[in-house]
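Here are some questions about how the terms used for a protein model are applied.

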Amino acid sequence: MRYNPGRDARWLLLRPWISIPRVLQIVWALSGLVLSLLIRGNSSDPKVQRNLARMLLRTLTNLGPCFIKVGQALSTRPDLIRRDWLDELTKLQDDLPAFSHATALKTIETELGSPADQLFEEFPDCPVAAASLGQVYKARVHGEHWVAVKVQRPNLMFILRRDMVLIRSLGVLTAPFLPLNLGFGLGEIIDEFGRSLFEEIDYFCEADNAERFAALFANNPAVTIPTVERSLSSRRVLTTSWIHGTKLRDRQELKAQRLDPAALIRTGVISGLQQLLEFGYFHADPHPGNLFALSGRSGDLGHVAYVDFGMMDSISDSDRLTLTGAVVHLINRDFEAVARDFQQLGFLSSNADLAPIIPALEDVLGGSLGDSVGSFNFKAITDRFSELMYDYPFRVPARFALIIRAVVSQEGLALRLDPQFKIIAVAYPYVAKRLLAGDTHEMREKLMEVIFDGDGSLRLERLESLLDVVGKEQTQVGTELIPVAGAGLKLLLGRDGGDLRRRLLLTLIKDDRLDTTDLKNLTDLMRRTFGPARLAQGMLQGLNPLAA
């Protein structure tokens, strides 16, 4: 059964004996929670705050899967939620009360056709983790092979169907009174969440997602995806290879395992950017319960494993390219281009007057960006954008609901491990390297848009900015610039670089005269950037950081 808000609303409307008691339960639970937060929320007593955190956890847990999902999203945001509440909220990820073991065994037998003790050489008496939609057992199949067996909670379809109708109704009714001016898009955003939630309880769909995701990272040693055991999986039971790792939720725990949090964050962010900007297919729920740190490193990347592929989504090629360009436009402070990007993505209507919006964007985004790439963060953007949306015709397109969730969860996870982390400080060098390499037609088109103006003149300051951010990404300057130089040279001299060569030649002719100024400046820039002394120093630092 798929999510269908109209059908489900009619279904619940004809069953007041189901809807009325549930509405009363939700209102009673949330009223008590809100009242306690208003009365004691500002207390400086740690004991009071611990009790409030437990009350929040207990309330969300008792209200069921839909509300637990909200708490999971909050648990990744140390910049939104008090740090002394986070330890409680992280229990919503995989430390919830388990359902009956006998019920789980019955589900396995019904779904797979045989009892668990016949299907598995060793099957435990209790789960190792229990989450909002199911619980996981660590079992052994023949040949000393350990697997994770996820069994779905009973009666889940009925619970989700009922609660999504009530949440949607509550959201639409309260939308005009909410502090964020999301307008008519709120119902669509809730529908997007509902669709993904209903897909998440179809384990056949999750198995397909896991295999598709694994194929995308097949050649990336820094990212591991568990293997699906198809013969031991069904619509309500999913069996995959067991991941031996440490959850990405506690910095000290990672250090105790001799794992580098910074390297792990970098892998998580770069793999997230690849999903959004290269593959167009992404994990929409990257909370700490779904990411594991593994031993080993690949250069400056730690090794990370993803699990739980129920909540996945795709992004169109057009949106991918626009988002890539938006990152570059933002860093280059080209706010007119940023405004056009917002139009193309649907955050602004196609006929909106951009003249008054461009200065407002510069004020909001430019102020958040500060003097450097590293000072940018999404929390600052969210705070300022909530004000901007009241005065200008912004809205959140429904198709971006899960994208925003994924990015915000990724940043929240990184902030949990490193409070000083800035996601754009990793995102921009990644985008810059892709642009400079020009490894796809779309990247070559975007590169020329960035480094040539409307008159065909070379914008060397933009090119220098791209090279500079790649060179300063790490202390090992040479290790980052040499691959970029090789890829750039290959592009310039290769078959795919015809348009770039043509545009460069046209810069030599201005006002019907030969003008070598741009070419000379470009040569000087290449000499400064890729000079032997600089590259040698960078390589020396890579071999011995103390040498410099």
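**Terms and the values behind them**

The protein chain has 25 helices and 12 strands. The model is predicted. Of its 548 residues, 52% count as buried.

Q: Why is Asn-290 called buried?
A: Buried means under 20% relative accessible area. Asn-290 has 5% relative accessibility, so Asn-290 counts as buried.

Q: Where is Asn-290, and which residues is Asn-290 in contact with, leaving aside neighbours within four places in sequence?
A: Asn-290 sits in the loop between strand S7 (281-283) and S8. Leaving aside neighbours within four places in sequence, its contacts are His-283, Asp-285, Ala-305, Tyr-306, Val-307 and Asp-308.

Q: What makes the approach of the Asn-290 side chain to the backbone oxygen of Asp-285 a polar contact?
A: A polar contact needs a pair of N or O atoms within 3.5 Å, one able to donate a hydrogen and the other to accept it. The side chain of Asn-290 reaches the backbone oxygen of Asp-285 at 2.9 Å, so the distance is within the cut-off.

Q: Why is Arg-249 called partly exposed?
A: Under 20% is buried and over 50% is exposed, with partly exposed in between. Arg-249 has a relative accessible area of 27%, so Arg-249 is partly exposed. Arg-249 is found in the loop between strand S6 (246-247) and helix H12 (251-256). Arg-249 and Leu-413 are 164 residues apart in sequence, while their C-alpha atoms are 7.3 Å apart in space.

Q: What makes strand S3 and S5 a pair?
A: Two strands pair if there are at least two bridges between them. Strand S3 (residues 145-152) is joined to S5 by 5 bridges, so the two count as paired. They run antiparallel. In S5, Leu-238 is the bridge partner of Lys-150.

Q: Why are strand S4 and S6 called edge strands?
A: The open sheet of 4 strands has the order S4-S9-S8-S6, with mixed pairing. Strand S4 (223-224) and S6 each pair on one side only.

Q: How do you know that S6 and strand S8 are paired?
A: The definition asks for at least two bridges. Thr-246 has Ala-293 in S8 as its bridge partner.

Definitions and conventions. Residues numbered from 1 in each chain as written. Predicted model: local features only at pLDDT ≥ 70, side-chain atom pairs only at ≥ 80, totals over all residues. Heavy atoms only, no water. Buried < 20%, exposed > 50% of the residue type's maximum accessible area, 1.4 Å probe, protein only. Contact = heavy atoms within 4.5 Å.
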